[in-house]
Number of protein chains: 4
Amino acid sequence: MIKASIIGASGYVGIELIRLLLKHPEVEISSIISSSNKDIPIEKTNPQFKKILNLTFKEFDIDLIKEADVVFCALPHGVSQEYVKMAYDLGKVVIDLSSDFRYKDLSRYSKDYGEHKYPQLLNESSYGLCEIYREEIKSSKIVGNPGCYPTSAILGLAPLLKNKLIQKDSIIIDSKSGVSGAGKKSDFSYSFCEVDENFKAYGVAKHRHTSEIEEKCSFLFGEDLNLSFTPHLLPVKRGILSTIYATLTKSLNKNELIEIYKEFYRDEFFIRIYEDGLPELKYVTGTNFVDIGLKVDKKANRVIVISCIDNLIKGAAGQAIQNMNIKFSLNEKTGLVTVGEYF
Amino acid sequence: MIKASIIGASGYVGIELIRLLLKHPEVEISSIISSSNKDIPIEKTNPQFKKILNLTFKEFDIDLIKEADVVFCALPHGVSQEYVKMAYDLGKVVIDLSSDFRYKDLSRYSKDYGEHKYPQLLNESSYGLCEIYREEIKSSKIVGNPGCYPTSAILGLAPLLKNKLIQKDSIIIDSKSGVSGAGKKSDFSYSFCEVDENFKAYGVAKHRHTSEIEEKCSFLFGEDLNLSFTPHLLPVKRGILSTIYATLTKSLNKNELIEIYKEFYRDEFFIRIYEDGLPELKYVTGTNFVDIGLKVDKKANRVIVISCIDNLIKGAAGQAIQNMNIKFSLNEKTGLVTVGEYF
Amino acid sequence: MIKASIIGASGYVGIELIRLLLKHPEVEISSIISSSNKDIPIEKTNPQFKKILNLTFKEFDIDLIKEADVVFCALPHGVSQEYVKMAYDLGKVVIDLSSDFRYKDLSRYSKDYGEHKYPQLLNESSYGLCEIYREEIKSSKIVGNPGCYPTSAILGLAPLLKNKLIQKDSIIIDSKSGVSGAGKKSDFSYSFCEVDENFKAYGVAKHRHTSEIEEKCSFLFGEDLNLSFTPHLLPVKRGILSTIYATLTKSLNKNELIEIYKEFYRDEFFIRIYEDGLPELKYVTGTNFVDIGLKVDKKANRVIVISCIDNLIKGAAGQAIQNMNIKFSLNEKTGLVTVGEYF
Amino acid sequence: MIKASIIGASGYVGIELIRLLLKHPEVEISSIISSSNKDIPIEKTNPQFKKILNLTFKEFDIDLIKEADVVFCALPHGVSQEYVKMAYDLGKVVIDLSSDFRYKDLSRYSKDYGEHKYPQLLNESSYGLCEIYREEIKSSKIVGNPGCYPTSAILGLAPLLKNKLIQKDSIIIDSKSGVSGAGKKSDFSYSFCEVDENFKAYGVAKHRHTSEIEEKCSFLFGEDLNLSFTPHLLPVKRGILSTIYATLTKSLNKNELIEIYKEFYRDEFFIRIYEDGLPELKYVTGTNFVDIGLKVDKKANRVIVISCIDNLIKGAAGQAIQNMNIKFSLNEKTGLVTVGEYF
């Protein structure tokens with residue numbers, strides 16, 4: 001059994017990691033670390049674990065890392081670096097869910113997140129977007145688990161970028177996310193009365209996930225590109241739906257594009273291409289799937305991609321486990337095959 | 001007092017017309033017509049009117065139209081034409097909330113909605129987008145009240161189009177609407193368990209509001225243009241937020257654009273331009289306002305417009321009353337000044 | 001025009017007072033007081049007021065009270081007492097929305113809320129449940145505006161209590177409230193992800209509204225009684241529905257009870273008794289109405305009363321204005337007749 | 001592997017059975033039967049099954065039953081009887097999710113549901129409330145799977161009834177259910193705009209689950225009793241919370257009652273008694289657990305029980321599988337241990 005330690009275990013992503021790891025046949029959770037909840041049994045803070053998991057949150061202690069085979073770091077960016085460094089120095093498999101190890105270009109990181117204490121570690125780390133960076137993940141010491149918006153956007157665009165089917169600066173990503181994407185917070189702006197029956201854009205033309213998406217899309221495209229990314233806040237708990245627009249470089253109809261996508265993702269279990277209809281949030285929430293649908297607006301020769309994920313699973317904890325499966329040479333699906341309970 | 005008759009009074013738009021007209025100091029509702037509810041007091045079907053409105057739904061009868069000064073037609077397209085014709089022949093002010101009298105170009109109408117029985121009446125009708133077509137509304141016999149998506153999109157784009165500030169075929173309108181936009185229906189796809197906690201695009205690259213938006217935007221721009229329009233279904237009751245993208249023809253920053261919008265809508269009470277921050281659904285629902293915010297994505301020289309309305313008010317019943325106010329030379333605000341009750 | 005000052009104007013109740021007073025033809029808002037928002041225009045914190053209300057929040061200043069005819073105090077209990085005292089000393093009509101002036105029995109107050117600094121003022125104050133205490137309200141200096149749960153419960157029970165139709169200790173009040181009842185807070189337990197798709201009881205057998213309900217029900221019944229009150233949190237913004245159970249002292253059927261209720265509330269505009277069907281939240285939210293329906297469980301000789309209000313209107317700001325109307329000898333309906341916008 | 005056939009497989013309960021059975025290590029789904037969807041692959045009607053389940057809905061055919069070991073009947077009452085009879089005649093284990101085989105007293109059934117075609121089969125059937133009727137379930141040919149409301153109510157009351165701790169006719173069950181309890185329907189009253197932001201009671205003093213609850217509570221109590229049951233409709237998809245009131249026959253405090261409950265359910269994995277705090281819907285949705293909390297209103301010597309379940313799992317599909325586990329002598333937990341994904 002693989003022993004897993006989770007640092008930052010009491011946040012929404014941490015709890016989701018615990019929930020998912022409990023279904024994983026090859027993993028045993030060795031410690032759940034949360035200084036703010038130290039010495040409290042998880043069933044007290046999260047009664048959904050009653051009778052299922054008899055563990056107590058612990059304060060951070062290097063020994064807890066030493067006894068683990070894999071360390072999941074679910075901490076805020078900046079804070080995360082120290083813990084990743086410690087686990088790295090101990091030779092552990094480290095999967096970091098902050099933005100600290102997602103970038104190759106330090107200047108992109110610094111512009112949005114400030115100074116990085118261990119920039120040299122960026123060379124030791126891979127970008128954990130499993131379907132695209134599988135080989136690099138296998139060989140790297142640290143996995144920088146992708147952001148939720150980037151996961152939905154990049155996987156929705158990859159076949160177009162790799163095949164150079166779209167005009168370089170024509171990409172617009174209009175994303176809509178559920179509230180859990182903001183994390184476990186008491187902010188007034190995420191209170192029920194402010195979010196329910198509401199909808200809004202936020203961080204327009206300046207959200208920090210933009211640089212992450214741009215870096216990875218540029219790699220896939222083979223040259224640097226700029227794109228517009230607009231996140232919106234949906235009055236739902238889970239899920240991201242990205243509506244992606246781009247101008248085609250040649251005339252292609254919907255069916256041709258679907259074939260290109262199916263071919264590109266031929267061996268990828270977690271990517272589902274819709275031949276008829278379009279994906280909806282409810283079909284992916286609760287799962288590690290990425291559901292992708294396509295339309296072509298012929299008059300404008302524009303492709304419209306709809307890409308859906310569960311922000312807490314494929315957008316965070318699920319993909320982290322998929323990365324762990326890769327690192328431990330397990331079948332990537334292990335512990336991650338579920339049907340969403342949409343009603 | 002202006003006597004108002006409402007045909008199709010029991011649907012969501014009809015009921016909203018009644019609710020709003022009750023607040024109008026110059027109007028008396030002379031009849032509420034609904035064959036499916038004939039002879040039933042409105043307080044039985046809609047208990048929110050108990051102790052407020054003592055009226056009974058009636059079957060259609062030409063005499064009910066004769067005694068009215070203004071006729072609101074809240075019927076499905078196609079069905080609406082006959083009733084509008086009758087009221088028109090009687091010389092009444094007719095405000096039609098279907099799509100039957102919104103088009104100038106019969107071929108655009110026919111392509112999306114089929115044959116029109118009274119195409120000559122399109123010449124007698126104006127497009128009831130008050131802020132843009134006020135003078136034509138005053139002088140026309142029939143007002144074709146705009147669709148909800150077109151209202152949010154066209155008003156969001158008008159200053160850019162009129163001033164030729166954007167590239168012709170660069171417009172993308174990504175709209176998100178509450179469920180009441182679908183009308184009072186028992187469709188499974190609008191049932192609570194299917195909509196709640198869900199989000200989806202629908203009618204991508206083929207929704208019928210596209211041609212209405214294109215016709216009016218082409219007029220404003222001065223040449224025919226094509227645009228991409230993607231509607232989505234939000235798990236809220238009311239409200240439309242449109243995120244609109246277009247490439248600028250020259251370099252303009254956010255503040256310059258805000259000045260252009262403020263100047264364009266200088267005398268328009270119902271348009272609110274946000275100098276700071278961005279509009280959200282909750283600030284407009286329950287009102288006749290159009291809230292507009294702007295951002296510029298400098299790298300792409302792309303403007304991003306956020307335009308919010310209440311689909312049942314500015315997108316239907318409220319704008320219909322605003323049109324009535326214009327036709328009867330009342331202050332346009334009469335009966336329509338409210339603050340939304342967002343929490 | 002009556003000049004109104006609102007202390008604690010930036011909370012949910014304060015904002016609702018402003019929204020409703022704007023519709024009142026006899027009132028002018030002279031000041032909105034909120035130390036936490038001092039010098040900020042209301043349209044910055046609450047954009048729904050853009051173009052409607054050009055006022056700025058002010059820090060408390062005794063001069064603001066001096067120039068007012070009526071003072072609405074929308075502060076937390078305890079804090080409220082000082083401000084009520086000041087306004088009282090200036091001879092103003094004071095309507096207090098906290099629990100500080102609702103009790104006759106100081107010991108009940110103290111048990112739940114702690115020490116009262118001005119207990120003698122309890123003798124100068126009336127309980128502002130308009131339909132029951134109208135005459136006392138007219139003659140008192142201070143009006144203690146009722147709690148939201150008590151309003152729904154007491155008005156639902158009054159005809160049974162006054163007519164001694166129920167067994168003294170058989171009353172059970174099972175209430176369900178929307179989230180705005182908790183006020184404008186950033187508490188984690190009211191965050192969207194915690195409330196949405198959830199439902200829970202809270203404060204079971206110990207909620208502080210119990211003593212308020214018991215005191216007033218005892219007065220109506222003519223002897224001291226105890227009752228069970230269980231509040232629950234609904235995933236909606238507004239509204240309280242109370243399901244009230246009591247054992248009848250004699251055999252009465254539904255129709256007989258409805259007649260008793262109709263007779264009891266014969267002249268009360270804001271009470272709507274349902275002869276058919278039962279009230280639902282959506283018919284009262286947005287209004288000052290109390291909707292009441294009845295059923296009899298014959299086998300158990302138990303009456304079941306369903307009583308619905310909007311917690312922010314009849315349960316707070318609306319009833320406060322109704323009390324103001326009483327104090328200023330206006331028609332009680334003035335400014336308060338609206339139809340809810342349920343869809 | 002146990003071969004399972006599901007009749008009525010396309011409804012909400014049928015789909016939930018499929019979803020849960022896919023996680024069961026000892027079961028293979030041999031057929032999914034739905035005449036209205038015959039010959040349609042499940043991934044077309046329910047895209048959440050894409051890449052997970054490659055099955056096609058079939059029209060009913062007796063051969064499909066013959067090849068199965070267990071038959072789940074998820075059909076409306078009345079319709080169900082014929083299919084249960086067929087499966088029974090073939091000697092199959094039959095688990096019926098309608099109300100057709102829940103009653104011992106035919107007259108109770110007939111009063112609420114009309115004539116029963118095979119009343120003699122009631123003697124061959126057990127009431128599938130696993131924690132109470134385990135032995136009878138083992139030895140019966142047909143299992144009548146309990147209703148959702150009865151499951152939450154009876155399990156919440158059983159320790160009090162069995163120990164004769166409450167007054168016979170003092171029981172009041174105030175239940176609140178999510179919308180999926182109504183099944184997969186296109187009814188206007190379950191449409192999003194009618195349910196969202198609303199709350200209502202329905203079927204007061206006449207809901208058909210009352211007789212089911214009364215029959216089983218009478219058995220547990222040892223004499224016939226009457227109780228009041230009021231269902232309400234919550235604007236959530238899943239979950240039932242029942243607030244149950246009863247007068248104690250002797251003075252007991254909360255801790256004593258909790259001990260009695262813990263003792264009564266000592267060996268029951270799926271019952272979780274809360275020593276601190278109270279259960280909430282979000283902790284049980286997605287699981288087969290019954291979460292129970294208790295309070296005592298001392299003044300009234302009244303116990304208040306809060307009992308929560310997921311109406312589609314412990315209230316339907318999950319309990320059906322638990323019954324299957326009993327019938328096939330598997331560990332009852334098999335395939336049913338999950339943590340809910342509340343955020």
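Predicted model: local features only at pLDDT ≥ 70, side-chain atom pairs only at ≥ 80, totals over all residues.

A salt bridge is a side-chain nitrogen of Lys or Arg within 4 Å of a carboxyl oxygen of Asp or Glu. By that criterion, eight salt bridges are counted between chain C and chain D.

**Chain C and chain D**

- The contact between these two chains involves 44 residues of chain C and 43 residues of chain D.
- The size of an interface is often given as the accessible area lost when the parts come together.
- For chain C and chain D the buried area is about 3,700 Å², and 53% of it lies on carbon and sulfur atoms.
- One of the salt bridges joins C:Glu194 to D:Lys282, with 2.7 Å between the closest N and O atoms.
- On the side of chain C that touches chain D, strand S7 (residues 172-177) of chain C gives the most, with four residues.
- Polar contacts between chain C and chain D comprise 32 residue pairs, both residues being at pLDDT 80 or more.

**Chain B and chain C**

- Two copies of a chain are related by a rotation about an axis and a shift along it.
- Chain B is superposed on chain C by a rotation of 180° with a shift of 0.0 Å along the axis, at an RMSD of 0.0 Å.
- The two copies are therefore related as by a two-fold rotation axis.
- B:Glu197 is the residue of chain B that comes closest to the rotation axis, its C-alpha lying at 4.4 Å.
- The copies meet through the same surface, because 100% of the interface residues of chain B are also interface residues in chain C.

**The nonpolar core**

- In soluble globular proteins, nonpolar side chains tend to be buried together.
- The largest nonpolar core here holds 421 residues, of which A:Phe72, B:Phe72, C:Phe72 and D:Phe72 touch the most other members.
- Beyond its neighbours within four places in sequence, A:Phe72 contacts residues including A:Ile6, A:Leu17, A:Leu97, A:Ile321 and A:Met324.

**A buried arginine**

- C:Arg238 lies in the loop that connects strand S9 (228-233) and strand S10 (240-247) of chain C.
- With a relative accessible area of 5%, under the 20% cut-off, C:Arg238 counts as buried.
- The side chain of C:Arg238 makes polar contacts with the side chains of C:Glu16, at 2.8 Å, and C:Asp310, at 2.9 Å.

Note on methods:
Residues numbered from 1 in each chain as written. Chains lettered and ligands numbered in written order. Heavy atoms only, no water. Core = buried A, V, L, I, M, F, W, Y, C linked by side-chain atoms within 4.5 Å. Buried < 20%, exposed > 50% of the residue type's maximum accessible area, 1.4 Å probe, protein only. Contact = heavy atoms within 4.5 Å. Least-squares fit on C-alpha atoms with pLDDT ≥ 70 in both. Buried area = accessible area lost by both parts, 1.4 Å probe. Polar contact = N/O pair within 3.5 Å; in protein donor to acceptor, adjacent residues only side chain to side chain. Helix = DSSP H or I, 4+ residues; strand = E, 2+ residues; numbered from the N terminus.
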